[in-house]
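User: I'm new to this one and would like a walk through it. Could you take me along chain by chain?

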Amino acid sequence: MQHLFEEIGTTNEGDIVINVGPQHPATHGVLHLVITLNGETIKKVEPHLGYIHRSIEKMCESLTYRQFIYVTSRMDYLSAHINNHACALCVEKGMQIEVPERAQVIRVLMDELTRIASHELWWGAMAMDLGAFTPFFHAFRERENINDIMEETCGARLTMNYMVPGGVMADIHPNFQRRVKSFIELFRSKFDEYNEMVTGNVIFRNRMKDVGYLSAEDAISFGCTGPTARGSGVSCDIRKIYPYEAYNKVNFEEVLETGGDSLARYMVRLREMQQSISIIEQLIDNIPEGEFQAKTKAVLKLPKGEFYTRVETARGEFGIYIVSEGATTPYRIRFRSPGFSNLSALDHMARGSKLGDLVAMMGTLDLVIPDIDR
Amino acid sequence: MFIVKYIKEVFGAVKSLLVGMKRTGYYFTHHKEIITEQYPDNRETLNLPERFKGEVVMPHDENNEHRCTGCTACELACPNGTIKVITKFDITPEGKKKKAIDKLVYHLELCTMCNLCVVACPSDAIVMAQTFEHSVFDRAELTKILNNPGSKIMEGIE
Amino acid sequence: MWSLAGITGSIQQWLQETFSPTWALILQMVLVGVAVISLFAVLGLVLVMMERKVSAWMQIRLGPNRVGPKGMLQSFADTLKLLVKEGMTPGGADKFLFNLAPFLAIIVAMLLMAPIAFARDFQIWNINIGVLYVSAISSISVISILMAGWASNNKYSLMGAMRSGAQIVSYELSAGLAILSIVVLTGTLDMNEIILSQSDGWWIFKGHIPVIIAFVIFIIAVTAETNRAPFDLAEAESELTAGFHTEYSGMKFALFFLAEYVNVFIVCSIGATLFLGGWMPLHIGNWQGFNHVMDYIPSSVWFMGKTFFLIFLIMWFRWTFPRLRIDQLLNLEWKYLLPIGMFNLLLITVMAILGWHF
């Protein structure tokens, strides 16, 4: 702890220590990085976390199993549906509730729409960090479409709280299918623009190529999951390895790149967006009829024991671990957030590169700080 | 060979830059792509979806009657104590004492719009309204009493 | 048809009749000073407004549209805001240099206005080494940036200023080489002569491919000289929170801001003069009828139109491309722009000697 209170200044070798954040225009949330620089080269990066710690895990100890789901939307607010999905799955696993087919398909559709929305925002924010302000607005135009679809069915645009243990809270709106189909068309037509404006641009490629190399062994040893690890060639897509809900009924491929640098992680996310669109396309016409929510008791009590479920959010593997003593509220809940492990690889990647590269690296790691700090 | 690679690099770079410029030039000239909504001016034409979760209200019919029985299911379902149900005892025409609702206190400043109270209500007494402009100058205005004064429960609800 | 040269000629005549020669000269200088300052102010307002509207339309949104009709009075609101802001000097700052830096930036911009020909016979100073003068004075702008970065007593500002210093000094070479290409073709450094030599067509059409290459190099170098994106890491918002002018607020910041926009105007007007013909209307060789029609549009309109077209081009660059890293920027200059520029100069010299241009 001693080093936390050291005076920020120059060290003996002529290095300077600067702070990036916690308030910073490179909007990722409140992340405080203490960087030791020698001229323009980075020697060490130390993230100081906790600026947005809200003790969510402690709060959940006083909420019942129906009530604690809404707080997880506020953790990783860009994958709100997926987090809620994980909580619902864990409670269903504990109580052995069987989710009807229609609810499963609706949940997967919402998940994939959320994944696309999250990657859109990532793309826009990353381009903005590197200095091009225009793609941000273009990305938000597509995201507005998804937000409108969510607003019509779930009632909210960011923190939806639509999943309940047993299914979903309400049936999909009659306009849902029509809107999603028109969104698919719009997305396909605009996707080439993304390549025109950002991916093919020589300046972007030079900023991202060979920047922040993470080898496959390092990715595994730091615990990175999601597109961060898939960019280094580690196959870790939960939807393929431990398929849940309707994922074993759809055809999609796991996107892997072997480059290990920022450009590889960038391409992984872009291709993941295309895979998500193809999943949505396969499911949107085949939503089975039936109930949208299984009949459950009014008051849920998980039996005594420990339950763990994992899902694939837009950032990586999100895990929820419930320890129950048989009461109506859990004894302890622990969330395994993907951002925390991804952030721990930043120091290793950043040593030896320039300050400008740090921004590109943070962009491709896709950090959402409330997810890291809970 | 080095010269050939060099020149190819230069041409490839310039071409990629021009492609990007063409795209922004397209958006610069086509103003009908602008999707900005001029918010305070378009309040009349704004229509929010019916499921939009703005705030919790208790609908009353034309006789000033509501459907709330005072069962406090919403209070139990709410995750952070936003709803407080205050009950009283009514005397029915047969002379028996029946529990009825006196006031349903709703703290708008604490509400997370999670919809659990609406789902938990067995008699569909509360719904979500589509208002979203909740800012006030005085914080006390955010504590709302949902049932109108002098209203009573409709017949036949239990 | 009235022309700007006629107005200034009549003012000069009136002054010389009414006052003694010394007083006439002094009054002329005062008038010119007032005119330049007001031109600055108007340019600042217009360019800021243009930048915001252009950026907004490229980003599929409306720009400022509440203050005044279609948002045209937004700049006045901005100026008012900057005027009433508190101008703080940070604690350990070097007070003399800190206060001097923005003024130096403005002085350089004002000095550069002198040889520019805004219309036919309408120059502040008709010097016969106009191009050399411009090249030399624009090198002084580095000093103001370095002063601002050093005197702010702030690590971010210092880093931004260092980067910017390296960048400007390198790109002056390429800009100079591009300017030299035109000088070789015309054989003179005088701005007026260069413009008059384009009376049968602008150089960008007359000297075909090599001059187009020189023009492209000039635009890129000049964007880097004025610290505009994609070369703006001196003020990179997402990395260093405004770089060398982080610690400036209020009027001093307004001066830096103004100096940047006026610099853009000046370099674009130099580019318009050298490559696109300055105030010379579009003439095509010997087509007398066409040339006569083109002459009806006043020369100041031609000049402003060309300059604003180049300003639009530079703004287009800013809102499309991301930022280059410092080593990539220097890489671009020393390994790509400079060799190509030198080779191009050789080509143009050969072209000028053998007469292979139109």
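This is a predicted model: local features need pLDDT of at least 70, side-chain atom pairs count only at pLDDT 80 or more; totals for chains, interfaces and linings use all residues.

User: OK, chain B then. How many helices and strands does chain B have?

Analyst: Chain B has three helices and seven strands, and read along the sequence they come in the pattern α-β-β-α-β-β-α-β-β-β.

User: And why is chain B said to be more spread out than a compact globule?

Analyst: Its radius of gyration is 28 Å, well over the 15 Å that the globule rule gives for 158 residues, so chain B is more spread out than a compact globule. Along its principal axes, the C-alpha trace of chain B spans about 105 × 35 × 35 Å, and 18% of the 158 residues of chain B count as buried.

User: What about contacts in chain B between residues at least 6 apart in sequence: what share join residues at least 24 apart?

Analyst: Among those contacts in chain B, 73% join residues at least 24 apart.

User: Switching to chain C, which domains does it have?

Analyst: The domain assignment of chain C gives domain 1, covering 1–83, and domain 2, covering 85–354. The centres of these two domains of chain C, taken over C-alpha atoms, are separated by 20 Å.

User: Where is the kink in α15(C)?

Analyst: The kink, of about 35°, lies at L337(C), shortly before the proline P339(C). Helix α15 of chain C runs over residues 326–354, and its 29 residues reach 41 Å from the first C-alpha to the last, close to the 42 Å expected at 1.5 Å a residue. Buried residues in α15(C) include L337(C), E333(C) and G341(C), and just after this helix G355(C) takes a positive phi of about 70°.

User: Last one: how many residues of chain A are in contact with chain C?

Analyst: There are 25 residues of chain A in contact with 23 residues of chain C. Among the elements of chain A that each supply at least two residues to that side are β1 (16–20), α4 (101–130) and α5 (134–154), and by class the chain A side has 14 nonpolar, six polar and five charged residues.

Terms used: Residues are numbered from 1 along each chain as its sequence is written. Chains are lettered from A and ligands numbered from 1 in the order in which they are written. Two residues are in contact if their C-beta atoms, placed from the backbone, lie within 7 Å. Helices (H or I, at least four residues) and strands (E, at least two) are DSSP runs, numbered from the N terminus. Ala, Val, Leu, Ile, Met, Phe, Trp, Tyr, Cys and Pro count as nonpolar, Asp, Glu, Lys and Arg as charged, and the others, Gly among them, as polar. The expected span of a helix is 1.5 Å times one less than its number of residues. The bend at a residue is the angle between axes fitted to the seven residues ending there and the seven starting there. A residue is buried if 20 or more other C-beta atoms lie within 10 Å of its own, exposed if 12 or fewer, and partly exposed in between; C-beta atoms are placed from the backbone. Domain bounds come from an automatic or database domain assignment. The radius of gyration is taken over C-alpha atoms; the globule rule is 2.2 Å times the number of residues to the power 0.38.
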